[in-house]
Amino acid sequence: MADSSFWIAGELADWPSKRRMASILRDAGLKINVGQYAIRVENCSHFVFDEYGGDLGDPQIEADAASLEEMLREGKLFSDALANAGIRHRLEIYNGRQHELVGYLHHNWPLGG
C-alpha cells in the first residue's frame, strides 16, 4: 500500500459465511472473484476480504485507493451492500500518510460505539 493512499479498517458484528457474503455483494451489483480464502471485488481498485474460510478466524478487510474520493465511493458500495443485507458494521477510512481518520461509514454502529 502506498504511503499516500487511503485505506479502510473495518469491523462487522457478525461475518456472514463466504457463500453468503458473495451473494450479498453480487446482489448489490458488484462483480466479484471468489477464491479459496478470499473474495476480491473487481469493481474496485483494491478491495479484498482475506483469510475467508475454514478455521482461519474472522476475515480481514484489505482496501486502499489513491484518493479519498475513490476510497469513499468504493467503501460506500460495500457499506450499502452490507446495510441492505441488515449486517451491522463500521468502516473507518484513514489517510495513509498521517494515519488520521478521514471518513466513517456504518450501519447501526455509531462512531465510538
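Two strands are taken as paired if DSSP finds at least two bridges between them, and helices (H or I, at least four residues) and strands (E, at least two) are DSSP runs numbered from the N terminus. The structure is a predicted model, in which local features need pLDDT of at least 70, side-chain atom pairs count only at pLDDT 80 or more, and totals for chains, interfaces and linings use all residues. Residues are numbered from 1 along each chain as its sequence is written, and side-chain values use heavy atoms, with hydrogens and water left out.

The protein contains two helices and seven strands, which follow one another from the N terminus as β-α-β-β-β-β-α-β-β. Its radius of gyration (over C-alpha atoms) is 13 Å, close to the 13 Å given for 113 residues by the globule rule, so the protein is as compact as a globular protein of that length; the rule is 2.2 Å times the number of residues to the power 0.38. The C-alpha trace spans about 35 × 30 × 30 Å along its principal axes.

The seven strands form an open sheet in the order β2-β3-β4-β5-β1-β6-β7, with antiparallel pairing. β2 (32-34) and β7 (101-107) are the edge strands, each pairing on one side only. From one strand to the next the twist averages 15°. β1 and β6 run antiparallel and are joined by seven bridges; G10 has L91 in β6 as its bridge partner. α1 packs on the sheet, with contacts (heavy atoms within 4.5 Å) to β1, β2, β3 and β4, and its direction makes about 165° with that of β2. α2 also packs on the sheet, touching β1, β4, β5, β6 and β7, at about 175° to the direction of β6. Axes are lines fitted to C-alpha atoms, for helices over the stretch in contact, and angles run from 0 to 180 degrees between N-to-C directions.

Buried residues (under 20% relative accessible area, 1.4 Å probe, protein chains only) make up 38% of the 113 residues. A nonpolar core is a set of buried Ala, Val, Leu, Ile, Met, Phe, Trp, Tyr and Cys residues joined through side-chain atoms within 4.5 Å. The largest such core has 27 residues, and those with the most contacts inside it are M21, L25, F47, F49, I61 and F78. Elements giving two or more residues to this core include α1 (18-27), β4 (47-50), β5 (60-65) and α2 (68-84). Leaving aside residues up to four places away in sequence, F78 touches M21, L25, F47, F49, I61 and L91.

Methods:
Buried < 20%, exposed > 50% of the residue type's maximum accessible area, 1.4 Å probe, protein only.
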